[in-house]
Amino acid sequence: MKNKWAALLLAGMLAGSVAAETGTTESPFSLRGFGTLGLARSSSHHAEFVRDLSQPAGIRGGQWSGRIDSILGVQANWQATPEIELVGQVVSRLRYDRSHDPEVMWAFVKWEPDPRVALRVGRIGADFMMLADSRLVGYSYLPVRPPPDFFGPLFFSHFDGADATGALPLGPGVLRGKVFGGRTQEKSAGDLGVWDTSGSPVGGVVIDYVQGAWQFRFNAARIEFATDMNVDFLRQPLAAAGCHDAARSLGTAGATARFLALGAVYDAGPFQAQVMLNRIHNGSASFQDSHAGYLLVGYRLQRLTPFLGVSRWKTLGADGWPGIADPVLHDAYRRFTAGSKVDRATYSLGLRYDVGRNLAAKLQWDAVRATRDTVFSVRNPSAAWDGRTEVLSLAIDFIF
Amino acid sequence: MPAAHLVLLFWIAVAPALARADLVLVAHPGSGIERLTRDEVINIYLGRYRLLDSGLNAEPLDHPADAEARYRFYRSLVNKSPAEINAYWARLIFSGKTRPPRVVGSVERMLELVAASPGVLAYVDRSQADARVKIVFDVSD
């Protein structure tokens with residue numbers, strides 16, 4: 001693994017040298033990169049704090065670790081003609097299998113016949129953040145990581161397919177609409193092992209209105225899971241007991257999850273604020289429906305930008321199934337579905353320091369406050385987990 | 001003459017010239033652009049919308065990252081520091097969404113490009129805007 005990191009770092013440094021040479025020329029080719037060297041510690045000894053639910057393991061017990069936030073990415077752009085651009089991006093980060101193997105995040109052709117229309121085909125970023133398709137470029141945003149209460153369950157970062165974007169002036173601003181569709185190629189890891197969601201159809205629409213310092217967003221997306229999670233340990237006894245509806249309710253294959261989000265950004269001079277709200281409806285009893293939101297505010301003072309944030313994630317599901325007569329099975333069903341319950345808030349305080357061009361340092365403190373039975377949003381919780389932890393993070397973000 | 005007096009004399013002589021060195025956005029005289037609004041310039045330079053009323057594609061040019069003109073331009077346009085503009089473009093470049101303005105190393109080369117192509121736009125000091133180009137926006141307004 002270390003060799004792969006070294007190879008990627010070397011590629012990044014080479015990319016940096018090429019970018020430095022091409023940065024002030026009119027070359028149609030560019031090679032750039034981004035990365036985060038992140039250290040974080042979580043005070044709780046009883047559960048592991050993770051950046052999002054794709055991560056199989058997190059941090060715990062007051063030990064400093066670079067596991068959850070360290071990222072390195074390299075991107076090549078080739079402007080083949082004025083209308084056609086090819087983009088490829090490879091990223092190394094903590095993956096579902098605990099490796100940092102490089103992963104192809106973007107690989108697409110973009111056709112932009114005029115500034116109002118763009119069509120992209122290939123591997124494309126999933127557009128969940130208001131400001132960017134990628135949540136991995138730490139240099140581009142204020143906090144060390146996008147709020148896990150909001151983005152944690154959205155572990156999809158790309159899909160294979162196409163999107164089409166249209167833009168038109170509306171009043172003093174610009175209205176942009178995007179439709180996208182394709183199939184996912186991703187895996188996540190949890191208590192039940194690795195869940196391979198590859199091949200799941202995904203689609204949606206994003207509408208933005210941008211005017212002056214304001215941006216408003218509406219986002220709707222759906223995914224129809226192509227595969228089941230490993231829940232046969234419960235489905236089989238339920239089916240054997242004749243509780244077929246309850247057994248079917250746990251399946252994810254064929255279940256459709258729907259995501260709705262609204263957001264606003266105000267970014268005027270030194271002041272910036274953003275707020276987003278979402279609602280996720282999962283089509284399977286294995287995942288409770290949820291809503292979440294976050295507010296992030298920052299104010300720049302020369303090179304320093306102090307910021308504070310608050311986020312909330314709460315599930316809405318029922319814990320039981322009325323048709324299960326056997327109390328042991330019913331209790332097992334109730335305990336399993338309660339495993340995806342979340343009732344959690346996070347309060348964040350941080351400081352970004354722009355060290356120099358393309359380099360920023362960040363310090364952040366997060367207080368996670370959840371109910372004792374909130375185990376879905378952490379990894380490997382013990383019986384002593386009380387839902388509370390403080391996370392201290394240091395990060396160096398850079399682009400080249 | 002004491003050194004302090006020399007410095008004072010320098011500033012008395014040079015400061016008015018610096019004060020006059022305000023930035024203007026220039027275009028090809030045949031571009032069909034009469035004037036651009038501040039919102040339109042923001043939309044073009046931040047990559048939000050780059051189609052001109054005349055139907056031409058707007059192609060904005062930028063000064064190098066460490067150029068003083070670039071610092072003044074974005075300060076005046078959106079009150080953002082170079083680091084913030086860098087972070088803004090990092091978001092968009094690494095999303096494959098849009099391209100930042102093309103960076104050109106010299107004002108003379110900028111003026112050549114503007115004079116050669118009707119869609120190209122550049123910001124320069126007012127005193128540098130010669131007969132080859134037309135002023136379409138006063139950045140200090």
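Let me begin with A:Asn380, which sits in the loop of chain A between β19 (378–379) and β20 (388–399), where strands are DSSP runs of E with at least two residues, helices are runs of H or I with at least four residues, and both are numbered from the N terminus. What we are looking at is a predicted model, in which local features need pLDDT of at least 70 and side-chain atom pairs count only at pLDDT 80 or more, while totals for chains, interfaces and linings use all residues. Residues are numbered from 1 along each chain as its sequence is written, and chains are lettered from A and ligands numbered from 1 in the order in which they are written.

Although A:Asn380 is not a glycine, its phi is positive, near 50°. A:Asn380 counts as partly exposed because it has 15 C-beta neighbours inside 10 Å; by the definition used here, a residue is buried if 20 or more other C-beta atoms, placed from the backbone, lie within 10 Å of its own, exposed if 12 or fewer, and partly exposed in between.

A:Gln302 also has a positive phi without being a glycine, in this case of about 60°, and it is found in the loop between β15 (290–299) and β16 (304–315) of chain A. Is A:Gln302 buried or exposed? A:Gln302 is exposed, because 10 other C-beta atoms lie within 10 Å.

Turning to chain B, we find five helices and five strands, and from the N terminus on they follow the order α-β-α-β-α-α-β-α-β-β. Of the 141 residues in chain B, 41% are buried.

How do the chains meet? Here 26 residues of chain B are in contact with 33 residues of chain A, a contact being two residues whose C-beta atoms, placed from the backbone, lie within 7 Å. On the side of chain B that touches chain A, α2 (38–45), α4 (82–93) and β3 (102–103) each supply at least two residues, and α4(B) gives the largest share, eight residues.

Finally, the largest nonpolar core has 100 residues, of which B:Val24, B:Leu25, B:Val26 and B:Ala122 touch the most other members; such a core is a set of buried Ala, Val, Leu, Ile, Met, Phe, Trp, Tyr and Cys residues joined through C-beta atoms within 7 Å. Its largest share, seven residues, comes from α4(B). Apart from this core lies another, of eight residues, including A:Cys243 and A:Tyr333.
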